[in-house]
Amino acid sequence: MEIMGLPAKTFFAMFTWPLIYLAWSLYLYWKMGIEERSEGSENE
Amino acid sequence: MSSILLERAVFCIYMSTLLLLGYLGSKRINIVDDYMLGGRTIGPVFTAISHQSTAMSGYMFMGGPAYAYQVGYFGLWYGIGDGGGGIFDLAVLGKRMRRLSEKLGALTPIEYLEKRYESPAVRVVGAAIAGIFLAAYVFAQFIAGGKALAMLLDINYGVALLIGLGIMVTYTFLGGYLTVVWSDFMNGMLMVCSIFTMFILGLIKAGGFTAVHHKIASIDPSYLSIWGKDYQYLGQWGVLLGAVLIYFIGYTGMPHIIVRHMSMKSHKNVRPAIMWVSIWNLFFVYSPYLLGIIGIVLLPNLADPEMIIPTLAHSLFPGVIAALVLSALMAAVISTADSQLVQLASILSRDVYQRFINPQANSKQMVIVSRLLVVVVGIVGFFIAYFQPPTIFGLVVFAWGVLGNTFMVPYIAAVYWPEANKAGALGAMIGGGLTNIIWTVLKLEAITAVHPFFAGLIVSIVCMLIFNRFSAGVSDTVRTAVQEASGGGFTIPPKLAAGMSKILIPEAREVGRFLISNRRTNSDGLGIEVG
C-alpha cells in the first residue's frame with residue numbers, strides 16, 4: 001500500500017512522530033501547569 | 001541590483017545586527033555571572049529558541065540534507081530524533097537542573113558536576129573532555145561557516161573565515177552569554193522561516209510529495225525505505241535506534257545546550273519553553289532532510305551533496321529568498337558556534353583558570369579572563385579551520401556522540417539519583433566517552449550492528465551503577481539539595497540501584513568477552529564478515 005507515493009510503512013514510521021511530539025508537549029504543558037498550581041497553593 | 005550584491009547587502013545587515021547585539025549586551029555586564037549566564041535572567045521564549053538554534057548547527061543545512069540525498073528516507077531518522085530532543089531535555093533536566101545549579105552556586109555545567117558529585121576529579125575529567133570535544137565541534141562549525149560565507153559573498157575561504165570569525169568573536173567578547181542568547185533567538189527565527197519557505201517552494205517546484213516519491217521510485221525504490229538506500233541497514237535495529245537516540249537524548253549531555261537550564265529566570269519557564277520548542281521543531285527539524293530527498297529529483301547529478309541547499313537557493317530562488325536562505329545557513333553555524341565559544345571560554349576560565357591557577361581571581365578579573373579566552377579560542381580556531389578542513393559530518397557526529405556519552409548519564413543521575421556519587425560519575429564519563437571513541441575508531445558498528453552512541457550509552461549507565469558501589473555516599477547537604485531540586489518528583493530509590501548493579505556486573509563481563517573474541521576472529525579474517 002502507498003500513501004502519497006510512499007510505502008505505507010515508511011509514511012507511518014516517519015510522519016507520525018511530529019504528531020506524537022506535539023501531543024507529548026501538550027501533555028507536559030498541562031501536567032506542569034497542574035504541578036505549578038499545587039506548588040503555588042502550598043506556598044500560600 | 002545583481003544577485004551577489006543583494007546577498008552581500010543582506011549579509012551586511014545581518015552581521016551589523018550581531019555587532020549591535022554585542023554592544024547592547026556589553027552594557028549589561030557587571031559581574032562574572034552576567035558574562036557566563038546572563039545573570040540568570042533569560043525568559044522562556046529566548047530559552048527555547050536559543051536552545052534549539054544552538055543544537056541545530058550548520059550540519060542541518062549541509063551534512064543533514066546531503067545524508068538524506070545519499071541514503072533517502074533513512075536520513076530522516078536523525079530528524080525524528082532531533083524533533084523530540086529539545087522536549088526531552090527540557091522535560092527531564094530543565095526544572096531540576098535550574099533549581100540544583102542555583103542551590104550549588106554553579107556557573108558552568110562542569111562546575112555544577114564538581115559541586116554535585118563533590119569531587120575535583122570530576123571537574124578535571126569533565127573539563128578535559130568538554131574542552132577537547134567542544135573545541136573539535138566549534139572548529140568544525142568554523143569550517144562550515146567559512147565555506148558558507150565564501151560562497152555567499154563569492155570571496156576566498158580564508159578571507160571569509162576571517163570576516164565570519166572576527167564578527168563572532170567581537171560580539172561574544174563584548175556581550176558574553178546574554179548576547180549569544182539574543183543572537184541565537186534572531187538566528188533561530190531566521191533559520192526556521194527560511195528553511196520552511198524553501199521546503200514549501202522546493203516541494204511545489206518538484207510537483208508535490210506524490211510526484212517526488214514516484215520519480216524517486218523510478219530512480220531507485222530503496223531510497224523510500226526506512227532501512228536506507230540498497231536496504232543497507234535492513235533489520236539493524238541497533239543502528240536505527242542509535243540514529244534516533246543520538247539526537248533524542250543526546251542534548252542532555254551537551255554542556256553548551258544544557259547551560260540554558262541554568263540561565264533561566266525561573267524553573268517555571270520550562271513549561272512555556274517546551275511548547276515553543278515543539279512548535280519551532282515542527283517547522284524546522286524535518287525540512288532539511290526532506291529537502292535532501294527532494295534534491296534527489298531536482299538535482300540528480302550534484303557533485304557535492306553538501307551544497308544541496310545553497311544550490312537550490314541559487315538555482316531555483318534567485319534574489320531575496322536566496323540571500324535569506326544563505327544568511328540562514330550562516331545563522332545556523334553562528335548560533336551553534338557562538339554558544340560553544342562562550343561555553344569553552346567559560347569552562348577554561350572558571351573550571352581551569354579560577355579553579356586551579358588563580359582561585360583568588362575576583363569577578364571583574366574573571367570577566368576579563370573570559371573575554372581574553374574568547375579571543376584566544378577564536379585565533380586558534382582560525383588557524384585550525386584554515387589549515388585542516390576535515391569533512392563536517394564526520395567531525396560533528398563524532399564530537400556530539402562523545403560529549404553525549406560522557407555527560408548525559410552523570411547529568412541525569414545528578415538530579416534523579418540522590419545516592420549517585422563521584423566514582424559512579426567518573427566511571428560513567430570515562431566509560432561512556434571512551435566506548436564511543438573505541439566503537440567509532442574500530443568500526444565496531446559493522447560487527448555488532450549497534451550504533452556507537454547506543455553502545456556508549458549502555459556502557460555509561462552500567463559504569464554508573466557499578467562504580468557507584470566503590471565510593472563513599474554523598475553528603476547530607478547534596479542529598480537534601482537533590483531531593484529539594486526534584487520538587488517532590490520521582491527519584492531513584494537506593495535499594496533499586498544497588499540491586500541493579502549486582503545483576504549487571506556479570507552481564508558486563510560477558511559482553512566484554514564477546515566483543516574481545518569477535519575482534520580477534522575478525523582480525524584473523526575468520527568468523528563474522530564486516531559489512
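Predicted model: local features only at pLDDT ≥ 70, side-chain atom pairs only at ≥ 80, totals over all residues.
The size of an interface is often given as the accessible area lost when the parts come together. For chain A and chain B, the buried area amounts to about 2,600 Å², of which 71% lies on carbon and sulfur atoms. The contact is formed by 24 residues from chain A and 32 residues from chain B.

Polar interactions also occur across this interface. Six residue pairs, both members at pLDDT 80 or more, are in polar contact between the two chains. One salt bridge is found across the interface; it joins the side chains of Glu36(A) and Lys95(B), with an N to O distance of 2.8 Å. On the side of chain A that touches chain B, at least two residues each are supplied by strand S2 (6–7), helix H1 (8–15) and helix H2 (17–43). Helix H2(A) provides the largest share of that side, with 14 residues. By residue class, the side of chain A that touches chain B comprises 15 nonpolar, four polar and five charged residues.

A separate feature concerns the surface of chain B. Val124(B), Leu348(B), Val352(B), Phe356(B) and Ile357(B) together make a nonpolar surface patch of about 410 Å². Four residues of the patch, its largest share, come from helix H15 of chain B, which spans residues 320–357. Ile357(B) is located in this helix.

Definitions and conventions: Residues numbered from 1 in each chain as written. Chains lettered and ligands numbered in written order. Heavy atoms only, no water. Contact = heavy atoms within 4.5 Å. Buried area = accessible area lost by both parts, 1.4 Å probe. Salt bridge = Lys/Arg side-chain N within 4 Å of Asp/Glu carboxyl O. Polar contact = N/O pair within 3.5 Å; in protein donor to acceptor, adjacent residues only side chain to side chain. Nonpolar A, V, L, I, M, F, W, Y, C, P; charged D, E, K, R; others polar. Patch = residues over 30% accessible without salt bridge, like charges linked within 9 Å, V, L, I, M, F, W, Y side chains within 5 Å. Areas by Shrake-Rupley, 256 points an atom, 1.4 Å probe, with all protein chains shown as cover.
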